[in-house]
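Please examine the sequence and the three-dimensional model shown below. The paragraphs that follow lead through it step by step.

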Amino acid sequence: MDLNTVTDVREGRRHEPWRPGDAWLGGGTYLFSEPQPRLRRLVDLSRMGWEPLTRGTDGSLEIAATCTVAQLSRYGRTLDAEAAPLFEQCCRAFLASFKIWNMATVGGNLCNGLPAGPMISLTAALDGTCLLRAQDGSVRRVKVVDFVTGAGRKDLAEGELLRSVTLPARALGSRTAFRQASLYGLGRSGALVVGTLDPVDGSLAVTISAATVRPFRLWFPLPPDADGLRRAVEAAVGPDDWFDDIHGLPEWRRHMGLRLAEEVRRELTGPPVRPTQNTRPVRPTQSVPPTQATPESAR
């Protein structure tokens, strides 16, 4: 798409004053996909020199906003962590060409705030925290589940920049289960559910996205039974929180969200056997008595 209203492109390293009509340019896969009549200037982040992926001394992983999907996929395949398969599973949820993989960035996917954004699903499920930098140089941290506030909406002030997302070591050490559903064989995600089982205290987190206008991460101190999980999802996700567009009606998304959530619960409360197909349900196992779930935003 030729953005014919854009009159200037500046490097992000120059730190020029922000003005109306400015936009951060990462990979550009969204900006150049449709007309952007309000834009006058692009601030290019491609030469910021940020290391795409950095492992902290505490075992955490910092993902730069400019890290591409291709870089994240390659790193995930070599990552020595229990949650490593989830990286590739979420990257594959893009269903995009190699050209998009080599340009689209993790930060761009989060800042678009679209329900089907698989980088939102990945980082929310692994308890990620966004590092945001304002124009005056001040920084603040926001959980991914709180950063995306609705379909296309995010907690990002004018001129504020998403610098990186950090995944804690404890989350990277969790067992994970992944489920995705779409109305079409190669369609956009209509529901995407990730479960994580904490290696330290045995707590379970179930994150629902794509089916909802924003990610919902439900945390259970002990894995619930099927009824307990269903009640927790229905209490946390209101009728207006199920997304409605051409890729799925709210009723279907709710049905799939509940079904996939139960599938990941069964997988993670059963023997630690990794499935050969990431969308194949496993056989039911004996469940643990229900406990009260805590929505992530209330923790």
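**A guided reading of the model**

In helix 2, the buried residues are Ala-84, Leu-86, Phe-87, Glu-88, Gln-89, Cys-90 and Cys-91. The model considered here is a predicted one. Helix 2 spans residues 84-92, and because seven of its nine residues are buried, this helix is largely enclosed by the rest of the structure.

Five strands form an open sheet in the order 4-5-10-6-7, and their pairing is antiparallel. At its edges lie strand 4 (53-55) and strand 7 (139-143), each of which pairs on one side only. On average, neighbouring strands of this sheet are turned by 25 degrees against each other, direction ignored. In general, the strands of a sheet pair through backbone hydrogen bonds, in either a parallel or an antiparallel manner.

Within this sheet, strand 5 (residues 61-64) and strand 10 (residues 161-167) run antiparallel and are joined by four bridges. Ala-64 has Ser-164 in strand 10 as its bridge partner. Helix 1 (residues 69-78) packs on the sheet, where it touches strand 4 and strand 5. The direction of helix 1 makes about 35 degrees with that of strand 4.

Ser-174 is located in the loop between helix 7 (169-172) and strand 11. With a relative accessible area of 4%, Ser-174 is buried. When its neighbours within four places in sequence are left aside, Ser-174 is in contact with Glu-82, Ala-83, Thr-196, Leu-197, Asp-198 and Pro-199.

Asp-127, in the loop between helix 5 (118-125) and strand 6 (129-133), has a positive phi of about 60 degrees although it is not a glycine. The relative accessibility of Asp-127 is 18%, and this residue therefore counts as buried, the cut-off being under 20%. Ala-210 lies in the loop between strand 13 (204-209) and strand 14 (216-220). The phi of Ala-210 is near 70 degrees, a positive value in a residue other than glycine. At 2% relative accessibility, Ala-210 also counts as buried.

Which residues form a nonpolar patch on the surface? The patch consists of Leu-183, Tyr-184 and Ile-246, which together have about 340 Å² of accessible area. Leu-183 belongs to the loop between strand 11 (175-181) and strand 12 (191-197). Its relative accessibility is 41%, so Leu-183 counts as partly exposed.

Conventions. Residues are numbered from 1 along each chain as its sequence is written. This is a predicted model: local features need pLDDT of at least 70, side-chain atom pairs count only at pLDDT 80 or more; totals for chains, interfaces and linings use all residues. Side-chain values use heavy atoms; hydrogens and water are left out. Patches are made of residues with over 30% relative accessible area and no salt bridge: like charges are joined within 9 Å, nonpolar side chains (Val, Leu, Ile, Met, Phe, Trp, Tyr) within 5 Å. Accessible areas come from the Shrake-Rupley method with a 1.4 Å probe; for residues, only the protein chains shown count as cover. A salt bridge is a side-chain nitrogen of Lys or Arg within 4 Å of a carboxyl oxygen of Asp or Glu. Helices (H or I, at least four residues) and strands (E, at least two) are DSSP runs, numbered from the N terminus. Buried means under 20% relative accessible area, exposed over 50%, partly exposed in between (1.4 Å probe, protein chains only). Two strands pair if DSSP finds at least two bridges between them. Axes are lines fitted to C-alpha atoms, for helices over the stretch in contact, and angles run from 0 to 180 degrees between N-to-C directions. Contact means heavy atoms within 4.5 Å.
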